[in-house]
Amino acid sequence: MAIFVTGYLTIDVIQLCNLNCEMCLRGENTGKKISKEVVEKIFEDIKYAKCIVFTGGEVTLAYNEIKMICDIIEEKNVTIDEYQIIVNGTIYNKKLFDLLRRKFKKGSIAISCDYYHDKSI
């Protein structure tokens, strides 16, 4: 087993969004969510990442998937210095943000502010 160290680890957690932006590069809202098997495979060899980036469709709709990822990180004793979450800014999921504050020492929220969002709301 090789042990990998990485700078940024980006995980696409969900293919679902509450908006329907014309310019979205993510494709259709398929509703697909990352599986436990895929997450376990990701962290099979990774033991450290400076930052984990949660992205998708709209990540605030993926509490269960992010909790599962955090639990696997803890089970496998992976060190992650910080998180980043990329959202469209239309949903506040207190439960999700509380989880991230508990699991990581440091983090940031990136809000996409494409003008297309105005047309979609």
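Trainee: Is Asp-71 buried, partly exposed or exposed?

Mentor: Start with the classes. Buried means under 20% relative accessible area, exposed over 50%, and partly exposed in between (1.4 Å probe, protein chains only). Asp-71 has a relative accessible area of 23%, so Asp-71 counts as partly exposed. This is a predicted model, where local features need pLDDT of at least 70 and side-chain atom pairs count only at pLDDT 80 or more, while totals for chains, interfaces and linings use all residues. Residues are numbered from 1 along each chain as its sequence is written, and side-chain values use heavy atoms, with hydrogens and water left out.

Trainee: Which residue forms a salt bridge with Asp-71, and how far apart are the closest N and O atoms?

Mentor: First, the criterion. A salt bridge is a side-chain nitrogen of Lys or Arg within 4 Å of a carboxyl oxygen of Asp or Glu. Lys-103 forms one with Asp-71, and the closest N and O atoms are 3.9 Å apart. This pair links distant parts of the chain: Lys-103 sits in helix α3 (residues 94-103), Asp-71 in helix α2 (residues 63-75), 32 residues apart. Helices here are DSSP runs of H or I with at least four residues, strands are runs of E with at least two, and both are numbered from the N terminus. Lys-103 is partly exposed, at 32%.

Trainee: How many salt bridges does the structure hold?

Mentor: Eight. One of them joins Glu-82 and Lys-50, with the closest N and O atoms 3.3 Å apart. Glu-82 lies in strand β3 (residues 79-87) and Lys-50 in strand β2 (residues 46-56), 32 residues apart, so this pair also links distant parts of the chain. Glu-82 is buried, with a relative accessible area of 12%. Lys-50 is partly exposed, at 34%.

Trainee: Where do Arg-101 and Asp-98 lie?

Mentor: Both are in helix α3, three residues apart, about one turn of the helix. Asp-98 is partly exposed, at 21%. Elsewhere, salt bridges that share partners join Lys-67, Asp-71, Glu-74 and Lys-103 into one network.

Trainee: How many disulfides does the structure hold, and why?

Mentor: A disulfide is a covalent bond between the sulfur atoms of two cysteines. The test is a pair of cysteine sulfur atoms within 2.5 Å. The structure holds zero. The sulfur of Cys-51 is 12 Å from the closest cysteine sulfur, in Cys-70, too far for a bond. Cys-51 is buried, at 1%. Cys-70 is buried too, at 3%.
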